2 protein chains.
Amino acid sequence: MRPPLVAVETRLGYYSDLAAAAMADFLGPDQPSPYLYDLVRDYPSRGGKGVRPALLLATCQAFGRPWEEALQAAAALEMLHNAFLVHDDVEDQSALRRGRPTLHALHGVGLAVNAGDSLAHLALQPLLEDAALSTRLKGRLVAELLAVVRQTTEGQALDLGWRWDGVVDLEPAEYLTMAGKKTCWYSTVAPLRMGAIIGSSGTAQLRALSRFGFYLGIAFQIRDDLLDLDCSPTSGKQPFGDLREGKRTLMLIHLLANADDEDRRWLVDYLRASPSDRCQHALRVYELMERYGSLTYAGECAADVELEAYRAFDEAFCDVRDSEHLDFLQGLIPYMLSRQR
Amino acid sequence: MRPPLVAVETRLGYYSDLAAAAMADFLGPDQPSPYLYDLVRDYPSRGGKGVRPALLLATCQAFGRPWEEALQAAAALEMLHNAFLVHDDVEDQSALRRGRPTLHALHGVGLAVNAGDSLAHLALQPLLEDAALSTRLKGRLVAELLAVVRQTTEGQALDLGWRWDGVVDLEPAEYLTMAGKKTCWYSTVAPLRMGAIIGSSGTAQLRALSRFGFYLGIAFQIRDDLLDLDCSPTSGKQPFGDLREGKRTLMLIHLLANADDEDRRWLVDYLRASPSDRCQHALRVYELMERYGSLTYAGECAADVELEAYRAFDEAFCDVRDSEHLDFLQGLIPYMLSRQR
């Protein structure tokens, strides 16, 4: 039986708290540290949705092992996630993160980049110091974390490079490649893989799991892109942030491909302008997206992705016996597409 | 017998070439990659002085093992060094690196920060994939690399934080703490330690070696600070870059402590100004440093540090038999203080 969304959110909070407590031991010395560790601890203390630790811990449980065995791995991945956020915010020149000013807005680009570097490397510590894991499993999990960095930096490079070069002739498939690397790998694919590696002592087949993670992550990203257009204060971000940053979202790619000549010319000029010049015209892009059916298109893509996610889920867990953990993992599919933040 | 400087430089070039060849296998896929791996490969391809690989490989040899056994560790450290340079240049807003525009000047801050992240994590690969090392030694060397990141980010945080907060009442001892963390750890201490760990199969005592590394690194940094004031084109940097960035060097700390009230007030205002406003007044800071003997003071400190480096060298290698490798390592002390780039 599919759990209701509120039950999914409660459980996300529970796993998130577990990971937050586990992280606390690895975020630098306890004393005040105004230039480094206070900054390192900032984003982790703001709390997140808990998607990554929940996926990792629940997958470990679904494979039959207690969450405790996967906790340090979950802390490692959550720390790496926060390190990415710090650098992402610098790279995108974002002003807000989880409802508060970004780290570089508070402390300058230099100290923020440096704190992100510190956090990204501290992230390996919980894994390396995990006494419960065998050397063999630890080696596999470290390799997973490094693969995460490789995939994420490759995806981020596409996202930034397209904007830097003013690329406007992208296909939806290129968006999927980019988002698959930039978002899915560290948000959904790696947590599932790492949880399965620990939960099965390294015997689980990872291919179908990775496919499930990919669709789940794409669902997450499309919802994220749509939430960016949501001006309600619950999102914790600046509304229209992606539009101002000129991010190549599925909606923007659709709009570029479907707008008439005049609107397209305007849009191309808009995307070539500086972010500050774009600022005042973001609403017009949104109106064009509505007019040309780009929002409807993204919604349809999300529905297709949802269907594929259910199929991949069935395949990924076909040898795993039913449990509340499995129900929760399946419940994350509709959650990804209907979450309000 | 102490080798002449030119012999030291020849040998640095030899070790540098070895490390460059070893790095090449780990800098991403061979095909063009305009947004990521082309950037990742840029700084490593510009060539460096080779101080770090030389220290690591020669120390391994001095302890009786062939350089081949330490080559992947040297590649790892050199890659991490290049990753630091990419982020350092962003954090300091530097325009030139090794005589060419910095990575962020060429590709923007976003792509440069992302490429630095990629390079910093790729740096672990040569070590993790080193088939010649035992699991135990590999574990120790990975821990050394992570300690390098911890120390370097802590030192960088002080350097940046002092400027961010406009701190003007620093003691020379605070400079030594900062430079010890920011420069010595990854430039001299870690290469010596890692070379000794491999060369002695983990049996070498590391305390005196670390002390030797500290003095060698401080000598390197003081020389670096003095070279910044050298306007000849061989330095490969913008002259007066540190003055424009307001870096708290030994000379600046001396000047702040010794200038008369009027000059000190002017200097404090100068340090609080924006970098672009500082630009046109950098020459006056240099003249004040000359007038108040701050350059002489830095030279005297360097001489003291040189003496301590020789003492620490003797202690660190007292149980190691004479060899050309040991002569070379000792020859690095005068090299650090007289190098022209």
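**Before you start**

The model is predicted: local features need pLDDT of at least 70, side-chain atom pairs count only at pLDDT 80 or more, and totals for chains, interfaces and linings use all residues. Residues are numbered from 1 along each chain as its sequence is written, while chains are lettered from A and ligands numbered from 1 in the order in which they are written.

**Exercise 1. Find where confidence in chain A is highest and where it is lowest.**

Solution. 
- Begin with the term: pLDDT is the predictor's confidence in each residue, from 0 to 100.
- Then go element by element: the highest mean, 98, belongs to α5(A), and the lowest, 81, to helix α13 (residues 275–279) of chain A.
- For the model as a whole, ipTM is 0.94 and pTM is 0.94.

**Exercise 2. Describe the overall build of chain A: what are its helix and strand counts, and how compact is it?**

Solution. 
- Count the elements: chain A has 16 helices and two strands. These are DSSP runs numbered from the N terminus, with helices being H or I of at least four residues and strands E of at least two.
- Compare the radius of gyration with the rule: it is 20 Å for chain A, close to the 20 Å that the globule rule gives for 341 residues, so the chain is as compact as a globular protein of that length. The radius is taken over C-alpha atoms, and the rule is 2.2 Å times the number of residues to the power 0.38.
- Look at the box: along the principal axes, the C-alpha atoms of chain A fill roughly 60 × 50 × 30 Å.
- Check burial: 51% of the 341 residues in chain A are buried. A residue is buried if 20 or more other C-beta atoms lie within 10 Å of its own, exposed if 12 or fewer, and partly exposed in between, with C-beta atoms placed from the backbone.

**Exercise 3. Work out how chains A and B are related, and through which elements of chain A they touch.**

Solution. 
- Superpose the copies: a rotation of 180° with 0.0 Å of shift along its axis places chain A on chain B, with an RMSD of 0.0 Å. That is the relation of a two-fold axis.
- Count the contacts: 29 residues of chain A are in contact with 29 residues of chain B, where contact requires C-beta atoms, placed from the backbone, within 7 Å.
- Name the elements: on the side of chain A that touches chain B, two or more residues come from each of α4 (71–92), α5 (103–122) and α7 (135–164) of chain A.
- Sort that side by type: it has 15 nonpolar, eleven polar and three charged residues. Here Ala, Val, Leu, Ile, Met, Phe, Trp, Tyr, Cys and Pro count as nonpolar, Asp, Glu, Lys and Arg as charged, and the others, Gly among them, as polar.
- Compare the two sides: 100% of the interface residues of chain A are also interface residues in chain B, so the copies meet through the same surface.

**Exercise 4. Decide whether A:V113 is buried or exposed, and list its contacts.**

Solution. 
- Count neighbours: A:V113 has 29 C-beta neighbours inside 10 Å, so it counts as buried.
- List the contacts, leaving aside neighbours within four places in sequence: A:V113 meets A:H87, A:V90, B:H87, B:V90, B:E91 and B:V113.

**Exercise 5. Locate A:R98 and A:S201, and give the phi of each.**

Solution. 
- Recall the background: most residues other than glycine have a negative phi.
- Take A:R98: its phi is positive, near 50°, and it sits in the loop between β1 and β2 (100–101) of chain A. With 16 other C-beta atoms within 10 Å, A:R98 is partly exposed.
- Take A:S201: its phi is also positive, about 50°, and the residue is in the loop between α8 (172–199) and α9 (207–227) of chain A. A:S201 is partly exposed, with 15 other C-beta atoms within 10 Å.

Technical notes. Copies are superposed by least squares on the C-alpha atoms of residues with pLDDT of at least 70 in both.
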